[in-house]
Amino acid sequence: MVDQAKALILGCSISGISAAKLLLNLGYNVYISDYGKCPDKFVKDVDELASKGVQLEFGGHTEEFLKGAAFAVTSPSIPNDAKIYTILKELGIEVISEPDLAYRESGSKDAFIGITGTNGKTTTTAAVSHLLSARFKAPACGNIGCPPTAFVLDKPDWFVTEISSFQLEKSKLFRAHIACWTNFTPDHITWHGSLENYFNAKAKMFLNQTSKDFAILNGQDKKLTEFGNLCPGQVFFFDKELENNCAFIKNNIIYTKINNITEKIIELSECNLSGHHNYQNLMCAILISKLAGLPTELVRERLKTFKAPEHRMERFAQFDGITFYNDSKATNPESAIAAIDAFNDQKVVLIAGGRDKLTSLNEFCSSVKNHINSVILIGEATERFESELRKNGFDKNIYKENSLQSAVDKSIELKPQSVLLSPACASFDMFSGYEERGKVFKDYVISKFSNK
């Protein structure tokens, strides 16, 4: 407990609310300052905090409200160039991230697993939590939905933390005993200012490790294999067979080599996930779980019962000989490519489009040519996607629709074996987020066949 020290929370967000509740329990005087108004979804939480003595201000940051704070916990959504950071610097107030706070107050500095990457973070985080829960208290937290500060007082054995580049960029204290980088492709460049800044933000989690920690990197990513030489922790690679410290696939079986011992883990046919990108996620989860102390037999047993989280290559329905896949989380071309490449030798309709991230579509078009029979485009990206597909040799079976619902109607009309929603775009031109987009897709598909 502390003696009424003042703690400042910047931003009334899910992480800010969680941090405020923890700090209140630890005895701090808690102040929440938000440049905007209180989000409707947090009104109940804010009222509860106010009833317990938390001070609040909305509609701006005033110096009188800020000054005197021992530190400030910032929201990852506040832009890097926000004026508030200049004010806090002038006031001499240290700014930390919400994961920093969880790490500092956890009482167990080797209890954190950190999982980052452009794609695959959530599936890997969910898989690790599922596996470790066979023996440990190991909640999935962080960018996956529930902040790590929400679990600090429960004292879990492991904080299985999905951590974004936004969170890492503002982190100063956070150290993952086991850190995993699933892959690295261009994303969030506008936010970070450059691809180099985006890479460096993620790299912080690994460069902050010690020689007693573990770094798990993608063995098929040249930039990450080179980065392994800079990591102070013990480096392991997945999806690449090496003399030691690796996980790899051979003859449709996942193996590990740890401490010079090769072990067969599981046959791919025994897994509920499909697609090589998902097998990479499982290799990450396997290495993490074994390094965290889970015996191989429990790893194998739990893998057989793990299913992909919603909106991530989710096979959710089969009607009239058509299988439907919801991959709404594919908000960039690289993620969509991973889903598209999971299909071979079958008639597949791809629904793509949304708010364009304006990255190269050459590899996306190549995958479409090799694996997709027809493409249905929706949203703001329609014209560029059509132009790039035709320019790259996919010049037939392209359809344009005004809504996701009409795209589903058209896909059924084409009588494929599979329909894949993997947009390769953000969703904000038509939906509040990828979750709503995926839910609308699933609900409409099911409604189409509910009376049959």
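Modeller: Let us begin with a pair of helices, where Leu282, Ile286, Ser289 and Lys290 in helix 11 meet Thr296, Val299 and Leu303 in helix 12. By class, this contact of helix 11 with helix 12 has four nonpolar, two polar and one charged residues. Please keep in mind that the model is a predicted one.

Biologist: At what angle do helix 11 and helix 12 pack, and how far apart are their axes?

Modeller: The angle between helix 11 and helix 12, the latter covering residues 296–303, is about 145°, and their axes are 10 Å apart. The crossing of the two is right-handed.

Biologist: What makes Asn281 a buried residue?

Modeller: Buried means under 20% relative accessible area, and Asn281 has a relative accessible area of 6%, so Asn281 is called buried. Asn281 is found in helix 11, which spans residues 276–291, and, not counting residues up to four places away in sequence, Asn281 touches Gly120, Thr123 and Thr124.

Biologist: Why are helix 14 and helix 15 called roughly perpendicular?

Modeller: Helix 14 (residues 362–371) and helix 15 (residues 382–391) pack at an angle of about 65°, with their axes 9 Å apart. Angles of 65 to 115 degrees count as roughly perpendicular, and therefore helix 14 and helix 15 are described as roughly perpendicular to each other. Asn362, Phe364, Cys365 and Val368 on the helix 14 side meet Phe385, Glu388 and Leu389 on the helix 15 side. The residues of this contact divide into five nonpolar, one polar and one charged, and the crossing of helix 14 and helix 15 is right-handed.

Biologist: Why is Gln55 called partly exposed?

Modeller: The relative accessibility of Gln55 is 39%, while buried means under 20% and exposed means over 50%, so Gln55 counts as partly exposed. Gln55 has its place in strand 3, residues 55–58, and, leaving aside neighbours within four places in sequence, Gln55 is in contact with Val30, Tyr31, Ile32 and Phe65. The side chain of Gln55 also reaches the backbone oxygen of Gly53 at 3.3 Å.

Biologist: What makes helix 16 mostly covered?

Modeller: Of the ten residues of helix 16 (residues 404–413), seven are buried, and the helix is described as mostly covered. The buried residues are Leu404, Ser406, Ala407, Val408, Lys410, Ser411 and Ile412. These buried residues pack against several elements, including strand 16 (322–326), strand 17 (348–352) and helix 17 (434–449). Just after helix 16, Lys415 takes a positive phi of about 55°.

Biologist: Why does Asn251 count as exposed?

Modeller: Exposed means over 50% relative accessible area, and Asn251 is at 67% relative accessibility, so Asn251 counts as exposed. Asn251 lies in the loop between strand 12 (246–250) and strand 13 (253–258), and has a positive phi of about 55° although Asn251 is not a glycine.

Biologist: How do you know that Asp345 is exposed?

Modeller: The relative accessibility of Asp345 is 83%, and the cut-off for exposed is over 50%, so Asp345 counts as exposed. Asp345 lies in the loop between helix 13 (333–340) and strand 17, and the phi of Asp345 is near 55°, a positive value in a residue other than glycine.

Conventions
Residues numbered from 1 in each chain as written. Predicted model: local features only at pLDDT ≥ 70, side-chain atom pairs only at ≥ 80, totals over all residues. Heavy atoms only, no water. Axes fitted to C-alpha atoms, helices over the stretch in contact; angles between N-to-C directions. Helix = DSSP H or I, 4+ residues; strand = E, 2+ residues; numbered from the N terminus. Parallel < 35°, antiparallel > 145°, perpendicular 65-115°, else oblique. Left-handed = near helix turned anticlockwise from the far one by under 90°. Contact = heavy atoms within 4.5 Å. Nonpolar A, V, L, I, M, F, W, Y, C, P; charged D, E, K, R; others polar. Buried < 20%, exposed > 50% of the residue type's maximum accessible area, 1.4 Å probe, protein only. Polar contact = N/O pair within 3.5 Å; in protein donor to acceptor, adjacent residues only side chain to side chain.
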